[in-house]
Amino acid sequence: MQVRTGVCGGARQPEASHPNRYRRRASPVRLHATGLRVSEVAAMVVFALLIINKAGGLIFNRTFAPGLQKLDSNDYLILAGTFHGIHAISRTISPAPPVQPLPGNRRPPTTGIESMESSHFRLTCFQTPTGVKFLLFTSPEQPNTDAVVRRCYEIYGEFVMKNPFYSLEMPVRVEKFDRALGAYLVRP
Amino acid sequence: MSVYSLYIFDRHTECIYTKRWTDRHALPAIRSTAGGALSNGSSSTANDIPAATRRAMKHSDDAKLIFGTIFSLRRMVRQLGGTDDQFLSYRTGEYKLHYFETPTQLKLIMLTDLHVGNMRTVLYQIWATLYVEYVVKSPLAPTEHASGVGVANELFEGGLERFIVSTM
């Protein structure tokens, strides 16, 4: 991880009219290669990824960083089932006024929960056209969660779907998938 | 930037106040006779219940579904983030749901469109400046608002309309 020191962002040169005691002491702040402060980068964390199949059963569950409560596998199964139900209900309670029907009289599809905020984490849910849901638990400051979850979907398509020994809707036990996901989501 | 509806639930899990600014169960327009042949079978049973009652049932169903959703989500958040974690809001492709809970377990839920930001301060203000002022401090309103008695008084409703119009 590259680190370069720099002056505090925002320290301006003192104007000629101000006396010297108002000048901010320049202290080196450790900056990450991306330009953000190291402490900010440390806060952007992906906690866990859950994959739920079409029927609401949990097929993959992995924690990448500490930050969420420790739950046993039974609790994760119950959580997945609960979220599957809540996702369906959130589609039906949509208060938005009905949209014009598309040509061909097809109703535009309503979507369920895509993102949920709490004080300690953010949950991003990506539903594939086949009904599989990817739940990504991140810290609230993590940007681009939809890009991250789509990359996870790409990795899933690459290593799980193309695996000839994987049966659909069954728990995912593919080692290459685990390795690729770890390389992408676990920060050294 | 529009608010769709506001719900208030008390600590007995009962819906004590509902306010809708859009009606998604609006009665459909009269269908033409060309499409009437197929829908005749289903519409005969649906006509047994008058349309107004059906709409009322759907509205109360909405309140129950919303309460069930936030109850489950709150439980999920507590399980995952620890007992001090609070569920704040969620967003779907069509709407956002904002949630605010007071220490007395009064729950304020607001559904808005996608273009609004964080409505937590708005919900806090609705509670502090409108609900507490006009409902809690009202000498005529009972302490427990079973089935919404005492909440929908004129001052509260008027204040809420003005507040929402001024924020949007």
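Predicted model: local features only at pLDDT ≥ 70, side-chain atom pairs only at ≥ 80, totals over all residues.
Chain A comprises 4 helices and 7 strands. Their order from the N terminus is β-β-α-β-β-α-β-β-β-α-α. Of the 188 residues in chain A, 38% are buried.

Chain B contains 4 helices and 5 strands, and its elements follow the pattern β-β-α-α-β-β-β-α-α along the sequence. Buried residues account for 40% of the 168 residues of chain B. For contacts in chain B between residues at least 6 apart in sequence, the fraction that joins residues at least 24 apart is 53%.

The extent of the interface was considered next. The accessible area lost when parts come together is often used to express the size of an interface. For chain A and chain B, the area buried between them is about 2,800 Å², and carbon and sulfur atoms contribute 64% of it. The contact involves 31 residues of chain A and 27 residues of chain B.

Polar interactions across the interface comprise 14 residue pairs in polar contact, counted with both residues at pLDDT 80 or more. The elements of chain A that supply two or more residues to the side touching chain B are helix 2 (73-92) and strand 5 (113-118). Helix 2 of chain A makes the greatest contribution to this side, with 8 residues. By residue class, the side of chain A that touches chain B consists of 16 nonpolar, 12 polar and 3 charged residues. The number of salt bridges between chain A and chain B is 1. This salt bridge is formed by Glu114(A) and Arg91(B), with a separation of 2.9 Å between the closest N and O atoms.

The two chains are also joined through strand pairing. Strand 5 of chain A pairs with strand 3 (residues 87-92) of chain B in the antiparallel sense, over 5 bridges. Within this pairing, Ser118(A) has Phe87(B) as its bridge partner in strand 3 of chain B.

Strand 5 of chain A is additionally paired within its own chain. Strand 5 and strand 6 of chain A run antiparallel and are joined by 3 bridges. These two strands form a hairpin, with 3 residues between them. Across this pair, Ser115(A) is placed opposite Thr124(A) of strand 6 of chain A. Strand 6 (residues 122-127) of chain A is itself mostly covered, with 5 of its 6 residues buried.

The pairing continues from strand 6 to strand 7 of chain A. Strand 6 of chain A and strand 7 (residues 133-138) of chain A are antiparallel and share 6 bridges. Arg122(A) has Thr138(A) as its bridge partner in strand 7 of chain A. The hairpin of strand 6 and strand 7 of chain A has 5 residues between the strands, and Gly131(A) in this hairpin adopts a positive phi near 95°.

Arg74(B) lies in helix 2 (residues 51-81) of chain B. Because its relative accessibility is 17%, Arg74(B) is classed as buried, the cut-off being under 20%. Apart from residues up to four places away in sequence, Arg74(B) touches Phe87(B), Tyr99(B), Glu101(B) and Lys107(B). One of these contacts, Phe87(B), is also the bridge partner of Ser118(A) in the strand pairing between the chains.

Asp113(B) is located in the loop between strand 5 (107-112) and helix 3 (120-136) of chain B. With a relative accessible area of 8%, Asp113(B) is therefore also counted as buried. Excluding neighbours within four places in sequence, the residues in contact with Asp113(B) are Met1(B), Ser2(B), Tyr4(B), Glu94(B) and Lys96(B). The C-alpha atom of Asp113(B) is separated by 16 Å from that of Ile66(B), the two residues being 47 residues apart along the chain.

Definitions and conventions: Residues numbered from 1 in each chain as written. Chains lettered and ligands numbered in written order. Heavy atoms only, no water. Contact = heavy atoms within 4.5 Å. Buried area = accessible area lost by both parts, 1.4 Å probe. Salt bridge = Lys/Arg side-chain N within 4 Å of Asp/Glu carboxyl O. Polar contact = N/O pair within 3.5 Å; in protein donor to acceptor, adjacent residues only side chain to side chain. Nonpolar A, V, L, I, M, F, W, Y, C, P; charged D, E, K, R; others polar. Pairing = 2+ DSSP bridges. Buried < 20%, exposed > 50% of the residue type's maximum accessible area, 1.4 Å probe, protein only.
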